[in-house]
Every structure is written in structure tokens, then in C-alpha cells.
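Dear colleague,

I am passing on to you the structure below, together with some notes on what turned up when I went through it. Please read them with the structure open beside you.

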Amino acid sequence: MEIKFLRQDIHYSEFHVDKKVYWLHGGGGSWPLAEITPKWSEICEEFGKDFQINGFNYSRLFNYILMWSPPIIKSPGFGVILFYIGLLDKHITKDVQLYVKDIFPNTFIECAKLVCAKKKLKLTVIEEEYKISTKKKIFNQPLILASAIYLRLLTRYILGRYRRLKGVIPPHGAKTIALGNLRFSSKDETQNSVFGPLIKKEDIKLIRYERLSQMNNLNRFIKEFVNQKIAYIGDYYTLPHLINCLKDHKKLKLIWEKIRNTNETRNLFVYKGYCFYDVILPRLDFMFKSLSLISTDTRHIAKKISLLEDYKLLLLDHEENLLGKAFMLNDPTKKTLALSFELIYPGCSHGYHKSSRAQDKKSKFYRPTPNVKCVWGNYAKKTLINSCNYPKEIIKITGDPRFDFLFNEIYDNKKLAKKYGLSKKPKVMFASQNRSNLYHLLLEIASENPHFEFIFKPHPKENKQSVEDFFKNKLSNLVIVEPTAKLYEVISVSDYITSFGSSVAFEAMLMGKPVIILNFEKRIEQGLPLSRGGIEVTSAKQFKETLSKLKDKKYAKEASTKAKEFVKQLYTKNDGKATENVIKEMKKLLKTYKHK
């Protein structure tokens, strides 16, 4: 059998099996994440036996950097490797002739070797090609990457010193704090995408931070927010903090060197009967030589903030927030309330399985959960209990504060059309997921449907200039809005929304819009069946046919009704009172707080 694996970037790849083509997207492709997370959970738990420093369980801060597969590093993370194994195990049934084009050298071939060896089949590699960027060549050196991360920590420290000199650091001692990722920030934080509605009504100290793995939000902070008197994570940095980070980083490396070659460690890395330890070993080595510096910084800065603020209640966008986990581990006596910014389904970011030993506070395997987890509805609650083993008593159905205004807001679409420079044609919004292959699809569809106007909303991480360069002089019925354009305005002014199944699809359904779900790779539903609320299409031809059908008012109304009915299943409390519901839970937690 002939297999071709063609990966253009971290977001998009193709998998050919004897001329049958599967389109895959994301680092995990179409392989059900719900099958991967139990193994991931087990490994992180077992690491808890060894990676304890001064009573702090560092293994709980490895999840992100172990799963993460940045394109600047040659050795991919846990998700990519298990995806490759699962995909190959499912499809390989005969001797294989393999063609590979990837951004991770040798990984796919090594996974194919494992599968073929177990099935006693012959593997012949016909062709292999790897896209190695200049950044990857530079940052694939552990010392260089560790230095780059440390430089980012120094940047935070310098920004904090600058803000102190400017007199814009707010006083310490907040009763309630919220960790605010800069991607959700606004100059007026009552407009914050996550905590805005709560900040409007309650006394909450927002502490802004940016992920160390990204530059765009740091640049945004320097340009827009550095002189605002709103707390920033760099305000808490000191030289002793930077030294402590390096000390713990060195200790983690020593622990890893001690357990690296043991059978106990090797035997942890078995998935579907395949021992993939040798495949992931380069990544583990890389992690402890460089990336674990992110973990040591996260642990120590959380401890520093906790001591200075002496807060009672911590608010998180969700409980898998890396910085939030460090807060919960540092001081379990503090109260924590986690919202649900992301969609919840089996295999999602909440999909870490909370075993009984992970819930035992006296156990070395302990993994903290928030005191209250606020969810949108019964679907999310059942998922967390049945698929992730969450304690039933901590889950509260409140709705999401950021959606409250949608039940009361009335948009003036004529003004919005003028604001975004739109025509009178029926409008189709494309919600990008930072996927370059989407450009070719949009070009094909838009050029063959000139009676529709297409609005391209770039992903917040996407470079608008690269989008404009691709479409330059190619389409007259395409409008490209800013990545920072207000999402709900763009949804409101559009007649139809197109998505690959992201949260944008649900938000559009919440607003009563017909949604077209693109599922060209014919991926298996991962627990959140968005296609039940939208119109699923599996080819460009079917997409064009659907656009034609939507010109029929009856068909369009049926699609809108279908979306509203689906929303009722997912979003139980759609009365516009989620903010009030969350505030009630906050006040209950504050009443039960007991100072150490």
C-alpha cells in the first residue's frame, strides 16, 4: 500500500492512503484527542513521583510544554507523536511504500517503523523531505532556546522596573484577582473578552500576562498598555526571582538525568501497544534542557504574586491555565473559580483525566481543581464528570458572562456595513483558524460565487499582511477585516458564517446565524457535535451547493432554527444573567475563605 503524509505547517496536513485523501488540521489532526489525553494524564501523574522540589510538584506544569509542538523545534510534542501512531495503526494493513513531507524530521517515519514492526509488515521509504526554517535551525539548540526564554523573563523584569519608575504599578493587597491573558485585553478592561462583565460589577484586580511562547502579545503590551495603571506580571519580577528560576531549572535537569535511562521511565511511554519512548526522547531531553525554564518561572512568579497580593479569590479563564495551576499548587487554601472560555468536549483542553490519586491532596500525585468550575450547560457538566472524572460538587451551571450582552444587544447592521466597507450583497463570513490552505479554498469559492460578498476575519495570531498579499488583485467580492475587528459585529453583519468547528461556530449559532461547518477531512466528532447545529459540508462543491440553497428563505430559516435548537442543548442558561450567576458563586467562596 502507498501512504503519503504531507504537512505544510503545524495547522494543516494531508494523509493519502492508496490515493484516498484525508485533510487533517491542527497539531493533533483528526485523531480523537479523547484517546490521547488518558495516556498524557498518566505520564504527567507518574512524573509527580520524581519531579518534586521543596514540596512543589513540577510535573503539573509540564503538561503544556510536553504536549506543545511549536514549528521552531524539530522534535514535536506528545500530541503530534500519538496522533501519528494512532493514524498509522488505524490505516496500515499491508507492506508500505511511504512518502513524507513534514516539518518534524524523521518523526513520522519512526512512528511508521513502530507500527510496521509490530504488524510484521515491510516499510519502504520512497521519499522524505523536511521543511526546516531558519528559526528552527537557530532555536533547535537547547542553550539558545533557554537563553531566549531567559531573555523574555529579563524583558518582563525590565518592563516592571520601567513601570515602577513611571509610577503606574497599582498597590498590592487585592481581595479578588484575575489572571488576564493579554490576547483578551482592552485599554478599557471592562471590555475584556473574558472578565469584562465581572470587572464592571465587582472589585477585581486584573493581572495582565503574556505567554512566554509568543511575541505578538508582548509587542502589543509595549505599544498599548505599558503606561496604564493596571497590574502586569512583570511588576512582580525581581533579580532573586530570576536566580530562583535558574536554580530550579538546574535541579529539574539533574532529576531527569537520573531517571532518563530507567526501565520504569521507558515503560511509561507505551500507547496502543507501541513503546514510543525513543521517538519522544529528543523532545524530553529538549524540554529539560530549555523549555522547563517556563515551568520554573511559572511556579516562582505565582508564589511571589500570592505573597504580595495576599488575595482570597482567584479567577481563571479556565483551570488548565498554566499560571493558574501554579497558583493553586502554591497555596491550596486560596479559593479559585474557573470560567469556561473554551468549548468543553471529550478530548478538549479540560480533558486531563482527574484520577482518584490526583484528587487526593495528601498524595504526591495531587493535581488541583478549582473550588468552583462555571460551565455553560448540562452538556459541559456531564462531559467533565463522565469523561474527565471531575468532582460533581464543584461544577456550577452559570452560563458565560461574555455572552450576556448578546441577549440584549441590538446591532445596527447598516452602520456596521458602512464601518467595514461592505456592499449590499448577501455576506458570508470566513472565520480563519490561521490556516493557509483556507486561502485557496476561499479563492475558489468566492470567485465562483460573485453574487456573495465574503468577509475574511483573520485569526488573532494571523498576519493580515500575508493574507492581503495572497489575495491581492484576485477577488473583487472579498473584504479582509483586521484580526482585532470585533467578532460579534462581524458575525452580526454577516448573513452566513463559515467555520472549521471552532468556538466561533457556536458563538454564531448563539446569535441565531446559519453556520456552515467545513469538514473536508471528514474527521470524527471529538465529542462536540457542532454539525448538529450547522450545515456540514465535506467538499468545495457541496459548499457551493449550500450557498445556492441558502438563497431560499425557507432553507435559510430552517438552518437558523436548527442552530438555535442546538444552542439550547449546549447553553442551558441563555437568559443573559450569567454575570449575576458567577458573582453569586464568587461571593459564596469569599464567605467560606479562612485565612491561614
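A salt bridge is taken here to be a side-chain nitrogen of Lys or Arg within 4 Å of a carboxyl oxygen of Asp or Glu, and please keep in mind that the model is predicted. By that rule there are 27 salt bridges. One of them joins Arg220 to Glu224, with the closest N and O atoms 3.4 Å apart; these two residues are 4 residues apart in helix H8, so about one helical turn separates them. Arg220 counts as partly exposed, at 22% relative accessibility, and Glu224 counts as partly exposed too, at 35%.

Another salt bridge pairs the side chains of Arg152 and Glu210, at 3.1 Å from N to O. Arg152 lies in helix H6 and Glu210 in the loop between strand S9 and helix H8, so the pair ties together parts that are 58 residues apart in sequence. Arg152 is buried at 8% relative accessibility, and Glu210 is buried at 1%.

The side chains of Arg402 and Glu507 also form a salt bridge, 3.0 Å from N to O, which links a loop between strand S15 and helix H14 to helix H18, 105 residues apart. Both Arg402 and Glu507 are buried. Through shared partners, salt bridges join Arg152, Arg156, Glu210 and Asp297 into one network.

Technical notes:
Residues numbered from 1 in each chain as written. Predicted model: local features only at pLDDT ≥ 70, side-chain atom pairs only at ≥ 80, totals over all residues. Heavy atoms only, no water. Buried < 20%, exposed > 50% of the residue type's maximum accessible area, 1.4 Å probe, protein only.
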